[in-house]
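Student: Hi! I'm new to this one, could you walk me through it?
Tutor: Happy to, let's look together.

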Amino acid sequence: MTAVELEEAIQQLSSPSIVRWHKEDDCQYNFELKGKRHNWNVALHFPTKFPYQLPAAELLDKSFIGTIPHVNKDGVMCIEESDSVLIDYERPTAIIDNYLNDALRLLERVKLRIYQDELFDEYEGYFECRPKINSFYHAEGNLEQVSLKIIYKENKRVGKHAIPVLLYDKNSPLPSEFSNIGENHDLQVINIIHLPILEPTLPPSNGEDISPNYLTSLQRNISSKNSVRLNKLLAKERSKNQFFILLSFPRSSGERSQLLLQFTAKQTLEHPLLSCDQRWSIKPHSIQRHNEAYLLERGGANSSLTTKKVAVVGCGSVGSEVVSLLAKTGIGKIILVDDDALEADNIYRHRLGGRYLNFKPNPKSGVISKVYKVSALVDELRHNLPHIKLIAKPIKFEKAIYDKEFLSADLVVVAVGSPTSNLLINKKLKSLGLHNVIFCWNEAAGYGGHSVALNLMQSCFECLYTNPVGFTSEGELNLLKTGQQISQNLTGCAGVFTPFSNLDSTNTALLAAQQSLDFLLNNKHSVALTWKGNGNHVLETSSRYNVIALKDQVDLVKKKNCRVCNE
């Protein structure tokens with residue numbers, strides 16, 4: 001929209017709440033809005049994408065900044081999450097009119113005490129400084145020392161100027177394998193004080209900066225227990241020209257707002273919590289949280305899963321996807337069992353890619369060693385997720401059953417693919433008392449896949465291959481007819497494989513991951529889920545394939561003639 005078209009749209013505004021308006025420049029218009037007891041001065045800043053993007057609103061009445069929720073220190077108002085709003089771009093005047101009405105409703109909250117908690121909860125967003133400081137520290141109500149990694153840069157005003165980089169709990173090691181955190185090992189580490197404020201607090205009034213006087217007022221708002229701790233820590237502090245303090249404030253949700261304050265001066269001074277010295281220059285830093293509790297909730301994970309342990313047997317195409325999906329659900333620990341090495345043949349349908357293949361020979365033996373799939377998966381996930389607990393078991397299932405970690409699993413997911421191997425695993429798990437199990441596998445050539453959640457005390461995998469007469473090779477869930485040639489090879493008998501794609505494996509893994517959550521959270525089992533694909537139309541399909549929908553569910557029951565259930 002051109003500047004002329006925007007002005008024409010604004011000239012057509014007819015809302016009775018608009019007292020007057022004037023044009024500040026081509027992108028900014030200032031409005032006086034009539035409230036119930038007060039008139040408000042608001043600026044609208046129009047983006048170049050308007051009317052496909054909403055304007056930004058700014059409160060010009062500085063005396064109200066710090067007293068209204070969802071208005072930050074600079075007066076910027078948080079009215080709508082723009083990516084959740086569908087805008088009728090053909091009606092720009094209506095867009096502006098509705099937006100101004102929303103702004104007025106937000107501002108009128110200043111008279112309503114019901115929104116006081118919102119105002120307290122917005123303390124952190126009120127400052128919203130950039131760039132944010134990465135933090136793996138989980139702030140609670142205890143006053144304590146926190147570790148802060150810093151780097152130094154020359155500053156003409158104060159000499160060597162500390163730049164904060166990373167906050168963490170000095171009693172908990174950083175997840176050094178996560179991303180490139182390990183590359184910060186040579187940064188200087190200093191101990192700073194975490195000052196947990198006891199009661200919710202308003203920011204400085206009139207949009208003012210944090211001052212030594214304001215900090216002193218906060219210091220009075222700590223518990224007596226924390227006050228004793230503070231005095232002990234301050235007794236050890238020497239005068240410096242730079243300090244950091246981490247402030248935290250209680251929020252209605254139980255979490256705490258956090259703000260890192262940096263104090264700098266031209267000369268050495270006592271710690272800011274020892275004396276209210278006006279010579280300090282104070283710079284706030286926002287916090288970018290990386291602690292486990294925050295990331296799990298922010299990412300949609302379930303905190304009740306943190307005590308659960310899942311073992312995944314088979315980490316090929318389907319199993320690797322299952323592990324990757326489960327790793328982001330909040331499950332406390334995942335044990336990976338597979339003695340297979342990653343090959344180049346795998347990379348187009350495996351979660352892992354070519355970066356884990358090895359082409360470098362051992363300088364002494366000349367042997368090019370292989371990388372186990374489970375070891376590479378653990379490495380990959382630890383680089384991507386900071387708090388995941390993974391255990392790689394590059395061994396066969398037959399050996400895993402003697403492992404204490406494996407035997408203590410709350411759920412076993414079997415993704416080996418082979419129905420015969422599944423029969424063996426099914427029988428062995430039942431004998432070991434590991435009754436909670438999910439079997440998942442692909443049908444060949446894109447015809448579909450299955451995930452079967454079972455309580456082996458009620459029914460088992462072999463029940464799927466049991467009819468009124470007894471054991472049968474025609475599985476109850478089969479989408480392809482048995483007895484036909486399914487496998488393929490590209491290099492002769494040594495290169496035989498079952499054809500399916502990574503997309504097939506992803507579809508199957510999604511079913512298995514969802515069933516895993518249903519099993520762990522709701523004890524939902526004895527259910528078979530199937531997805532049906534179009535396939536390559538070369539193989540013969542079963543009668544079931546021809547009648548089921550694209551997704552199908554079957555409730556499973558124990559079969560009278562099942563050899564395993566009736567042992």
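Tutor: We'll go through the sheet, the cores and some helix pairs of this predicted model.

Student: Okay, how many strands form the sheet, and in what order?
Tutor: There are 5 strands in an open sheet, ordered β1-β2-β3-β4-β5, with antiparallel pairing. The edge strands are β1 (18-25) and β5 (76-77), each of which pairs on one side only.

Student: And over how many bridges do β1 and β2 pair?
Tutor: β1 and β2 (residues 28-34) are joined over 6 bridges in the antiparallel sense.

Student: Which strands does helix α1 lie across?
Tutor: Helix α1 (residues 3-11) lies across β1 and β2, and runs at about 10° to β2. Helix α2 (residues 92-107) also packs on the sheet, touching β1, β2, β3 (39-45), β4 (56-59) and β5. The direction of α2 makes about 135° with that of β3.

Student: What about α1 and α2, how do their axes cross?
Tutor: The axes of α1 and α2 come within 8 Å and cross at roughly 60°, so the two helices are oblique to each other. The crossing is right-handed. Leu6, Ala9 and Ile10 of α1 make the contact with Pro92, Thr93 and Ile96 of α2.

Student: Switching topic: which residues touch the most other members in the largest nonpolar core?
Tutor: That core has 59 residues, and the ones touching the most other members are Phe31, Leu44, Leu59, Met77, Ile96 and Leu195. Helix α2 gives the most to this core, with 8 residues.

Student: What is Leu195 in contact with?
Tutor: Leaving aside neighbours within four places in sequence, Leu195 contacts Leu143, Leu215, Ile222, Leu230, Ile245, Leu246, Leu247, Ser248 and Leu273. There is also a second, separate core of 36 residues, which includes Ala327, Leu381, Leu390 and Ala509.

Student: Why would nonpolar side chains be buried together?
Tutor: As a general pattern, nonpolar side chains tend to be buried together in soluble globular proteins.

Student: One more pair, then: how do α8 and α13 cross?
Tutor: Helix α8 (residues 317-327) and helix α13 (residues 502-522) have axes that come within 8 Å and cross at roughly 45°. That makes α8 oblique to α13, and their crossing is right-handed.

Student: Which residues of α8 and α13 make the contact?
Tutor: On the α8 side, the contact is made by Ser317, Val318, Glu321, Val322, Leu325 and Leu326. On the α13 side, the residues include Asn502, Ser505, Thr506, Ala509 and Ser516.

How values were computed:
Residues numbered from 1 in each chain as written. Predicted model: local features only at pLDDT ≥ 70, side-chain atom pairs only at ≥ 80, totals over all residues. Heavy atoms only, no water. Pairing = 2+ DSSP bridges. Helix = DSSP H or I, 4+ residues; strand = E, 2+ residues; numbered from the N terminus. Contact = heavy atoms within 4.5 Å. Axes fitted to C-alpha atoms, helices over the stretch in contact; angles between N-to-C directions. Core = buried A, V, L, I, M, F, W, Y, C linked by side-chain atoms within 4.5 Å. Buried < 20%, exposed > 50% of the residue type's maximum accessible area, 1.4 Å probe, protein only. Parallel < 35°, antiparallel > 145°, perpendicular 65-115°, else oblique. Left-handed = near helix turned anticlockwise from the far one by under 90°.
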